[in-house]
Amino acid sequence: MGQSFKSAQFLLDSRIEDAMRGRPEALFDLGICYQTGTAGAAIDLVEAHKWFNLAAVAGLSEAADARAEVAEDMTAREIAEAQRQARAWLGMTQRRAA
């Protein structure tokens, strides 16, 4: 594990922490990371769709556009899985906040 991997993983982890605190920009950034394979993330369109979906729910209008763009390259099953994961994330973070 090189230094660049560790710093990339730290960036990803810190964005997830920010996302757990409800920061819409962090949700959007995570979508970008998984869409493009940056910050140590592997390209994963299901993950990208999930994060863009969560950012759109949080009120970022550009996230809805990004979600639609990613969805063009996904199957209906992959989109359904991304939506399921987004609902699970919302349920987890809402329980945590309570």
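**Exercise 1. Is Lys-50 buried or exposed?**

Solution. Start with the ground rules. The model is predicted: local features need pLDDT of at least 70, side-chain atom pairs count only at pLDDT 80 or more, and totals for chains, interfaces and linings use all residues. Residues are numbered from 1 along each chain as its sequence is written, and side-chain values use heavy atoms, with hydrogens and water left out.

Step 1. Recall the cut-offs: buried means under 20% relative accessible area, exposed means over 50%, and partly exposed lies in between (1.4 Å probe, protein chains only).

Step 2. Apply them. Lys-50 is buried because its relative accessibility is 9%.

Step 3. Lys-50 sits in helix α3, residues 45-57. Helices are DSSP runs of H or I with at least four residues, numbered from the N terminus.

Step 4. List the contacts, meaning heavy atoms within 4.5 Å. Leaving out residues up to four places away in sequence, Lys-50 touches Ala-82, Gln-85 and Ala-86.

**Exercise 2. Find the salt-bridge partner of Lys-50 and describe the pair.**

Step 1. Name the partner. The Lys-50 side chain forms a salt bridge with that of Glu-47, at 3.4 Å from N to O.

Step 2. Check the spacing. The two are about one helical turn apart, because three residues separate them in helix α3.

Step 3. Check the cover. Glu-47 counts as buried because its relative accessibility is 15%.

**Exercise 3. Trace the salt bridges of Asp-18.**

Solution. Step 1. Count the bridges in the structure: there are seven.

Step 1. Take Arg-15. Its side chain meets that of Asp-18 in a salt bridge of 2.9 Å, N to O. Both residues belong to helix α1 (residues 3-20), three residues apart, or about one turn.

Step 2. Take Arg-23. Its side chain also bridges to Asp-18, at 2.9 Å, N to O.

Step 3. Compare the cover. Arg-15 and Asp-18 are both buried. Arg-23 is partly exposed, with 38%.

**Exercise 4. Which residues does His-49 contact, leaving aside neighbours within four places in sequence?**

Solution. Step 1. Locate the residue: His-49 is in helix α3.

Step 1. Classify it. His-49 is buried because its relative accessible area is 3%.

Step 2. Read off the contacts. They are Arg-67, Val-70, Ala-71, Met-74, Ile-79, Ala-82 and Gln-83.

**Exercise 5. Describe two loop residues, Ala-42 and Asp-73.**

Step 1. Classify Ala-42. It is exposed, with a relative accessible area of 53%.

Step 2. Classify Asp-73. It counts as exposed because its relative accessibility is 59%.

Step 3. Look around Asp-73. With Glu-62, Asp-65, Glu-69 and Glu-72, Asp-73 makes up a surface patch of negative charge. Such a patch takes residues with over 30% relative accessible area and no salt bridge, and joins like charges within 9 Å (nonpolar side chains, Val, Leu, Ile, Met, Phe, Trp and Tyr, are joined within 5 Å).

Terms used. Areas by Shrake-Rupley, 256 points an atom, 1.4 Å probe, with all protein chains shown as cover. Salt bridge = Lys/Arg side-chain N within 4 Å of Asp/Glu carboxyl O. Lys, Arg positive; Asp, Glu negative; His and termini not counted. Charge placed at Lys NZ, Arg CZ, Asp CG, Glu CD.
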